[in-house]
Amino acid sequence: MTSRRNFLKACLATPLLAATPRLTLANTQMPWTLTASKTTHRLVPGDDYQDASVWTFNQTVPGPELRVKKGETLSVDFLNQLDEGSSIHWHGIRNINAMDGVAGLTQPEVMPGGQFRYQFPLNDSGTYWYHSHAKTWSQVARGLYGPLIVEDESDPAVDHDLVLMIDDWLLANDGTIDEASFGSLHDWAHGGRLGNWLTVNGESHPTIEVAKNSRIRIRLINAANARIFGLNIPATAFLIAEDGYPVPVKSTQDVVLAPAQRADFIVDLGTDDVTIFETGNNGPYPAVTLKAVDSDKPLVSKEVLRQPQPETPPTMIDVSIPLHMQGGAMGNLREATFDGELRPIRELAQTHKKAWAFNGKISHHHDHLAKINIGQTVSIEIWNDTRWNHAMHLHGHHFWIQKEDGTFLDGKRDTYLFGRGEKANLVFVADNPGLWLIHCHMLEHHAAGMAAVIEIT
Ligand code: C2O
Ligand code: CU
């Protein structure tokens, strides 16, 4: 851990045996309780390191795995025992607006000592997650996140269903969270807070025991503030869903996950252990090892994976919303409108830590990018006119991605990674009323200006 910044490290020592990577509340009665509070947690094993001070839901990193069935209503009492306001956002869920958890937009932040009941139906199955949506660049980085899994009767039968939440932490040399770098203007105007320590389910290179020759569903979730992970599963592996949404079954061992994105794989194990590697950041780094053990439990039959019914993207667009993204280091943004006033970006960076703009404007939650009538088909025409990647996330909807040549990618997503200079349209039917945030999920970029609101009435 000598070079502190920009290089991801992982534990190369003998893998730890992860106690139990899954916590589930599935057997208890709803409403469930998620309590945000501070605790300590060991991120780097070994005598030379210390416990880190983390912020958690229910004292664990990640928070408990919430597992429900499609069609059920989730009911969660959120208790805030932090000393600052917070909230919970249910990432990727096409939620009721008042339950979306965006502090300052869909609800006031839940104050210290306060509580809030989230209650909403889950109409889409798949891999989702929950996280704080107040001061996310600090709260999510400190550990306020957890998985939300919605099961479907038609899910392929598997022997193991593993949720792997991947994060990179920016740690000081003693293994504690690097506090001094929070809010660094440099990070906010560059690639965000990039960590130097890789964890899966809060552990350094954990080992998870699975049965030899078993069929495993692996649900990968990128919980990092800003890091784009490349993940490699050296086994017989099939990609079946992205951002919870089924995609044509594809035999592949690799996936790129931007912050907040998810990917679901079916892996058919042999008799050997499999180590999943992070391969996108000058590694490879071992992320997690699946240890193949003997088991008496009968295994499921490995049925041919069914192709999903393709949902065809709309051909007619009712409303086009241009969204020109500018700013950041080495960018072409000289000035931007902030609080109704056109000001040099240099000054905005130094006095307000704002570095990015949509359509020349640095938005507050109350400035609306567009007003849409319910039922209209919308195309947000995004141009990433910056030198950085951005993981654009739309709340409350799933969108198709239309590339510059007019073709659509397979499936729908809730978060799409824009490369430098890329243009693409996010196309969706505005069928969910309310105030919906669209923002970069590189959380420092969001804090430094990359956000807007779409109003659907
Ligand atoms: Cu994952 Cu605005 O959220
Ligand atoms: Cu960004």
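How many positive and negative side chains does the chain have, and how far apart do the centres of the two sets lie? There are 38 positive and 53 negative side chains. The centres of the two sets lie 3 Å apart. Keep in mind that this is a predicted model.

Start with the overall form. The chain has 457 residues, and its radius of gyration is 21 Å. A compact globule with that number of residues would have a radius near 23 Å, so the chain agrees with that picture. Along the principal axes, the C-alpha atoms fill a box of roughly 70 × 55 × 45 Å. Strands number 32 in this chain, and helices number four.

Now look at how the chain packs. Of the 457 residues, 59% are buried. Take the contacts between residues at least 6 apart in sequence: 76% of them join residues at least 24 apart. The accessible surface comes to about 18100 Å². Carbon and sulfur atoms account for 50% of that surface.

Return to the charges. The structure holds 25 salt bridges. One of them joins the side chains of Asp51 and Arg42, with N to O at 2.9 Å. Asp51 has 37% relative accessibility, so it counts as partly exposed. Arg42 is partly exposed too, because its relative accessible area is 32%.

Another salt bridge pairs Glu151 with Lys69. Their closest N and O atoms are 3.4 Å apart. This pair links distant parts of the chain. Glu151 sits in strand E9, residues 145–151, and Lys69 sits in strand E4, residues 66–69. Glu151 counts as partly exposed, at 23% relative accessibility. Lys69 is also partly exposed, with a relative accessible area of 48%.

A further salt bridge brings Asp155 and Arg217 together, at 3.7 Å from N to O. Asp155 lies in the loop between E9 and strand E10 (160–169), while Arg217 lies in strand E13 (residues 215–222), so the pair ties together parts 62 residues apart in sequence. Are the two partners buried or exposed, or partly exposed? Asp155 is partly exposed, at 24% relative accessibility. Arg217 is buried, at 5%. Salt bridges that share partners join these residues into one network. Its members are Glu65, Arg67, Lys69, Glu151, Asp155, Asp161, Arg217, Arg219 and Asp264.

Next, a helix residue. Thr136 lies in helix H1, which covers residues 136–139. With 7% relative accessibility, Thr136 counts as buried. Which residues does Thr136 touch, leaving aside those up to four places away in sequence? They are Ala141, Asn225, Leu443 and His446.

Asp405 is found in a loop, between strand E28 (400–403) and strand E29 (415–418). At 59% relative accessibility, Asp405 counts as exposed. Met316 is 89 residues away from Asp405 along the chain. The C-alpha atoms of Asp405 and Met316 are separated by 16 Å.

The backbone deserves a look as well. The peptide bond from Val61 to Pro62 is cis, with omega near -10°. Pro62 lies in the loop between strand E3 (52–57) and E4. Pro284 is in the loop between strand E19 (274–278) and strand E20 (285–293).

His205 is a residue other than glycine with a positive phi, near 40°. His205 is placed in the loop between strand E11 (197–200) and strand E12 (206–211). It is buried, with a relative accessible area of 7%. Asn359 likewise has a positive phi, near 50°, and is not glycine. The loop that holds Asn359 runs between strand E24 (356–358) and strand E25 (368–372). Asn359 counts as partly exposed, at 38% relative accessibility.

Technical notes:
Residues are numbered from 1 along each chain as its sequence is written. Chains are lettered from A and ligands numbered from 1 in the order in which they are written. This is a predicted model: local features need pLDDT of at least 70, side-chain atom pairs count only at pLDDT 80 or more; totals for chains, interfaces and linings use all residues. Side-chain values use heavy atoms; hydrogens and water are left out. Helices (H or I, at least four residues) and strands (E, at least two) are DSSP runs, numbered from the N terminus. The radius of gyration is taken over C-alpha atoms; the globule rule is 2.2 Å times the number of residues to the power 0.38. Buried means under 20% relative accessible area, exposed over 50%, partly exposed in between (1.4 Å probe, protein chains only). Contact means heavy atoms within 4.5 Å. Accessible areas come from the Shrake-Rupley method with a 1.4 Å probe; for residues, only the protein chains shown count as cover. Lys and Arg count as positive and Asp and Glu as negative; His and the chain ends are not counted. The place of a charge is taken as NZ of Lys, CZ of Arg, CG of Asp or CD of Glu. A salt bridge is a side-chain nitrogen of Lys or Arg within 4 Å of a carboxyl oxygen of Asp or Glu.
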